[in-house]
Amino acid sequence: MTTAIAPHGGQLINRLASTAEAEEIRTRAGGLPRLTLSARESADLDLIAVGAMSPLAGFMDRADYQRTVGEMRLADDTLWSLPITLSAPPEAAAALGAGSEAALHDAAGRLVGIIEVAEVYPYDKQAEARNVFGTDDEDHPGVASVYRQHDLLVGGAVTVVEREELEEVLRPYRQDPAETRAAFAGRDWRTIVGFQTRNPVHRAHEYIQKAALEIVDGLLLHPLVGETKPDDIPADVRMRCYEALLEGYYPAGHVHLSVLPAAMRYAGPKEAVFHALLRKNYGCTHFIVGRDHAGVGSYYGTYEAQDLLRSLPPDDLGITPLYFDHSFYCRRCEGMASMKTCPHGAEERVILSGTQVRDMLAAGQVPPMEFTRPEVARILMETAA
C-alpha cells in the first residue's frame, strides 16, 4: 500500500549521485569553478537532492525565480511560494555560463555536489524582500538573510555527492520523503497530518495535534532542525523534549517523529505554504496551520497564513490544511481549549510568551503544568541552568 497523496508536481525528485557518479564527480571537481554555499543554501541543496522540494531539481533559473517572487508560481504554473536560489559573487560568476558546471562546497570546505549551470542572472533584493516577506526592513531575519546574499544568482540542476551533516542526536531521526512514505505505508496509514515546529511542543501544540489525530490515521511530528534565530531553543534540546513527550503522552502507533533539516526563513504566510508543500512531499495528506505560522515579531497578522492558504485553489495545493485557533489551558474549563471553545476571560487562561518562558527558566522557575508537561519543563530547566 502507498500513501494516498502524490508528490508536488507528480514525481519525487532524486538528485543524489550513485556511487559511480559520485566517484566521477569527485575526480573532475578540482578542475571546475567553485561555489561556497551558505548554511541555508546547503540545507536547500540537501532537500532538493532527496525530493523534499519536488518538483525542483536544482536552484531556480530566472523564469522560476521571477514567477515565484511575483506570483507564487513556477514558470510552468506549479504553485510554489519561496525562491530557492544559489547566490554567487561576481568573480566566481564570471567563470560560469549556460552549459558550464561548478563544484559546490559547504562552509566547511567539503565537496557536496555540482550544478549544471543554466543561467547566471541579477536580481532585486529589495523587491524579493517586499514580495516574499512583506517588508524590506533589514531587522526582519529573513530579509537580513537575503541582503547578505551575493548579487548574482546561479540557476541549474544539481547532483549531490555528500549529504548535509547533522548533529549526532538528530541523525536517527533524519528520514527522506521516500522513507517517511514507506513508514506510513508500513503502518497502513492512509491519512497523515504533518506538524511544523521550531520550538518544544507545549500543551497548546499537544492539544491541536491530538485534535487533528481524531480525524486522521497518524501524525508526523516534523520539527525543523536547520538554521534558526540565535535565541531559538537548540535542536538537540528540542529533540530531548519531543522524545520525553512522545514517551509519556502520545500513542506510539499513531505518531511518527522525524526531522526536517531545513532553514527557517520567517516568511510567515508564504513560508506556511512552503511548509505545507514540503510535508506533502513527505507523504502527508493534511497539515496543521495554527496562529502566526512561521512568523517573527509583529510582521504578520495572527491568522494571515491561514487566510493565504484558504485563498489557494485546493487542487493546486494538493494537501488539506487544518486550521486551528489560539489554544491554551483554561482554569474555569479545567482543560485545554481555544478561542472557539472557551467563553471565559483572559484572567482564566494560561498563556505564556516565549520571552516569559525564557525569563522563568533563567530565574530557575518551573513553567506551570498547564503550559508544559513537567518532563519537558525539567529538560528546559536543565539546559537553561
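Student: How far from the ring centre of Tyr250 is Lys210?
Tutor: This is a predicted model, in which local features need pLDDT of at least 70, side-chain atom pairs count only at pLDDT 80 or more, and totals for chains, interfaces and linings use all residues. A charge sits over a ring if NZ of Lys or CZ of Arg is within 6 Å of the ring centre and within 35 degrees of the ring normal. Lys210 lies over the face of Tyr250, and its distance from the ring centre is 4.8 Å.

Student: Over which ring does the charged end of Arg310 sit?
Tutor: Residues are numbered from 1 along each chain as its sequence is written, and side-chain values use heavy atoms, without hydrogens or water. The charged end of Arg310 is 4.0 Å from the centre of the ring in question, which belongs to Tyr323.

Student: Why is the pair of Tyr65 and Tyr121 tilted?
Tutor: A search of the whole structure finds four aromatic pairs. Rings of Phe, Tyr and Trp (its six-membered ring) pair if their centres lie within 6.5 Å; planes under 30 degrees apart count as stacked, over 60 as edge-to-face and the rest as tilted. The centres of Tyr65 and Tyr121 are 6.0 Å apart, and the pair is tilted because the planes stand at 50 degrees.

Student: How many residues apart in sequence are the parts that this pair ties together?
Tutor: Helices (H or I, at least four residues) and strands (E, at least two) are DSSP runs, numbered from the N terminus. Tyr65 lies in helix H3 (residues 62–71) and Tyr121 in strand E5 (residues 111–122), so the parts tied together are apart by 56 residues.

Student: Which residue forms an edge-to-face pair with Tyr65?
Tutor: In this pair the centres are 6.0 Å apart and the planes are at 85 degrees, and the partner of Tyr65 is Tyr123. Ring pairs also link Tyr65 into a cluster with Tyr121 and Tyr123.

Student: Is Thr197 buried or exposed?
Tutor: Thr197 is found in strand E7 (residues 192–197). Buried means under 20% relative accessible area, exposed over 50%, partly exposed in between (1.4 Å probe, protein chains only). Thr197 has a relative accessible area of 5%, so Thr197 is buried.

Student: What is the bridge partner of Ser327 in E13?
Tutor: Two strands pair if DSSP finds at least two bridges between them. Four bridges join the antiparallel strands E12 (residues 327–330) and E13 (residues 335–338). In E13, Ser327 has as its bridge partner Ser338.
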